[in-house]
Amino acid sequence: MAWFDLRTKVFKMKDIRAEILDILQDDAKVSNKEIASMIGESEDAIAAEIAKLEQEKVILKYKTLINREKADYDHAEGLIEVKVEPQRERGYDEIAKRIYRFDEVKAVYLMSGTYDLSVHVEASTMKQISEFVFEKLAVMEGIRSTATYFIMRKYKEHGVIFVDDEKDERLVISP
Amino acid sequence: MNYEKYISKNVREIPPSGIRKFFDIASEMDDVISLGVGEPDFTTPWNICEMAIYAIETGKTHYTSNHGMTPLRQEIKRYLSERFGLDYEIDQIVATVGASEALDIAFRTLIDPGDEVLVPAPSYVSYMPGVRLAGGVAVPILTVAENDFKYTKDVLEKAITEKTKVIIMPFPNNPTGAIMSKEDLEGITSLIIENDLMVISDEIYAELTYDKNHVSIASLPGMKERTVVINGFSKSFAMTGWRLGYVAGPIELVDAMVKIHQYTILCAPVAAQEAGIEALKTERKNGFKQVKNMMNQYNRRRRFMYEELNKIGLACFEPLGAFYVFPDIRKTGLSSDEFCERLVKEKKVACVPGTAFGEGGEGFIRCSYASSMENLKDAIERITEFLNENGWA
């Protein structure tokens, strides 16, 4: 009966926060008015909750997902596996900070497994990324080794499929 | 050659489908936003598709037993028990080609020529012709917006005669979105028992209820022995094209239904059965996460459509099940048919006139919200323009 009980909770209007986040995560352009309709709250309540989420930095930013292959200008992305020497008392944070402050670095994660930091970099060309790695990153104090992988094609990102236009296969009208 | 005389009287007399005309108009046009689709817009979850592909790759391409694969029926048994409190042995469960086949074999098993079958009106397009093909007489029971399109005891009482044998319970309902709660059902079970009726309960939308969990009439005292429960994978797992449904009921009736099933169908498609096992098993293990997620998405769209339609002046009652809203368009002075035809021609929004679902549908249109939020928003804008431009706002 476990899922039965779980499911009943859905009806007790999941807290408005979770609903708002779920809707905005999928589409940041949905208006407050529409969110209000969708979850059965007033527009004011939605606006207030979103303001709070922004203020608390739960919502950090509203961004646009771009298919660079179609945007038709030079663009390169790579993932770099970085092994580092953790520093006494400061662990990985200090070295991570030195890395994430570079503009070309779009994401940095501390990983479990055979390497320590995963660094996601973007630039106009692969050459620029290579230069960034051997001029800035690999030579940094505390870094033991790097391995760079270029992204060749994006199939799916943030839950969105890039490669094909899936169309509605349904009959226009059905009983 | 005149073929008319070769076509059986029964088939000749079945009227053409009320949605055909709109299908023809809408499918000729570009950029139509369709609110006329009676199936989920989600594609089947990939784990289910992947399992079926694997089954085909590993040579599962043969007949199965008439009843369907044992692991599938074990999963269905477990599902019906855990979800709706319905306890059946696996011999009481048969996998069918969609709920549609389940309806057909139930009709043909229960109905003798002249038997009367109570069918709510409006309701799904197949019941009336299905009853008729089985030789029965379908008796429409008018359900009205004022009663949230539910069956009520008074109306049923008046319709029951000595010939009444079966009552169809299609809740949550297509096209109205009506449900029958436990209390609503309790209000009519004594009448059903007193008149010794059999129930065909079409519960294909059981996973899509937005207020309370669906209650099967078979779970009420004294009802299991007189109910044939029909369900399937189409709506709850977005598996319409797989054609997989099932029927469960008293063993004597199930054995009789299998007689028809074995000679006309033999068995449900094996790949679909493998997919069905995966659907139920994985969802059960994951606490029905995908089903809940789909339901949650529908629920948002449901609220959106219900609110927006009421705001722009097309009154509708709050549907608590399935994925349809059923607004009242009588204030426009148009018939449902005219309204839908003009709406699709002038604004390229396709809906289905209520009349396609039988009596009681006049004055209403069915809008499906199994469509993306963008489409729904766009559709509402176009309907608003349509009302404004014609002075009906």
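## Helix packing in chain B

Axes are lines fitted to C-alpha atoms, for helices over the stretch in contact, and angles run from 0 to 180 degrees between N-to-C directions. The model discussed here is a predicted one. In it, α11(B) and α13(B) pack with their axes 11 Å apart and at an angle of about 5°. The two helices α11(B) and α13(B) are therefore roughly parallel to each other. On the side of α11(B), the contact is made by R301(B), F304(B), M305(B) and E308(B), and on the side of α13(B) by M373(B), L376(B) and I380(B). The contact of α11(B) with α13(B) has five nonpolar and two charged residues, with no polar ones.

Helix α13(B), residues 373-389, also packs against helix α12(B), residues 336-347, where the angle is about 110° and the axes are 10 Å apart. That angle makes α12(B) roughly perpendicular to α13(B), because angles of 65 to 115 degrees count as such. Here L343(B), E346(B) and K347(B) of α12(B) meet R382(B), I383(B), E385(B) and F386(B) of α13(B). By class, the residues of the contact of α12(B) with α13(B) are three nonpolar, four charged and no polar.

## Overall form of chain B

Chain B contains 13 helices and 12 strands. Its C-alpha trace spans about 60 × 55 × 50 Å along the principal axes. The radius of gyration of chain B is 21 Å, which agrees with the value near 21 Å that a compact globule of 393 residues would have.

Of the 393 residues in chain B, 50% are buried. Among contacts in chain B between residues at least 6 apart in sequence, those that join residues at least 24 apart make up 74%.

## Overall form of chain A

Chain A has seven helices and six strands, and its elements run α-α-α-α-α-β-α-β-β-α-β-β-β from the N terminus on. For its 175 residues the globule rule gives 16 Å, whereas the radius of gyration of chain A is 22 Å, so chain A is more spread out than a compact globule. The C-alpha trace of chain A spans about 60 × 45 × 40 Å along its principal axes.

The domain assignment divides chain A into domain 1 (2-55) and domain 2 (68-157). The centres of these domains of chain A, taken over C-alpha atoms, are separated by 35 Å. Buried residues account for 14% of the 175 residues of chain A. Among contacts in chain A between residues at least 6 apart in sequence, 53% join residues at least 24 apart.

## Helix α3 of chain A

Helix α3(A) covers residues 32-39, and its buried residues are E34(A), I35(A), S37(A), M38(A) and I39(A). These buried residues pack against α2 (16-26) and α4 (43-55) of chain A, together with α11 and α13 of chain B. Just after α3(A), G40(A) takes a positive phi of about 70°.

## The contact between the chains

Chain A gives 20 residues to the contact and chain B gives 32. On the side of chain B that touches chain A, α2 (20-28), α4 (70-84) and α11 (289-311) of chain B each supply at least two residues. The largest share of that side, eight residues, comes from α11(B). By class, the side of chain B that touches chain A has 13 nonpolar, 12 charged and seven polar residues.

Key: Residues are numbered from 1 along each chain as its sequence is written. Chains are lettered from A and ligands numbered from 1 in the order in which they are written. This is a predicted model: local features need pLDDT of at least 70, side-chain atom pairs count only at pLDDT 80 or more; totals for chains, interfaces and linings use all residues. Helices (H or I, at least four residues) and strands (E, at least two) are DSSP runs, numbered from the N terminus. Angles under 35 degrees count as roughly parallel, over 145 as roughly antiparallel, 65 to 115 as roughly perpendicular and the rest as oblique. Two residues are in contact if their C-beta atoms, placed from the backbone, lie within 7 Å. Ala, Val, Leu, Ile, Met, Phe, Trp, Tyr, Cys and Pro count as nonpolar, Asp, Glu, Lys and Arg as charged, and the others, Gly among them, as polar. A residue is buried if 20 or more other C-beta atoms lie within 10 Å of its own, exposed if 12 or fewer, and partly exposed in between; C-beta atoms are placed from the backbone. Domain bounds come from an automatic or database domain assignment. The radius of gyration is taken over C-alpha atoms; the globule rule is 2.2 Å times the number of residues to the power 0.38.
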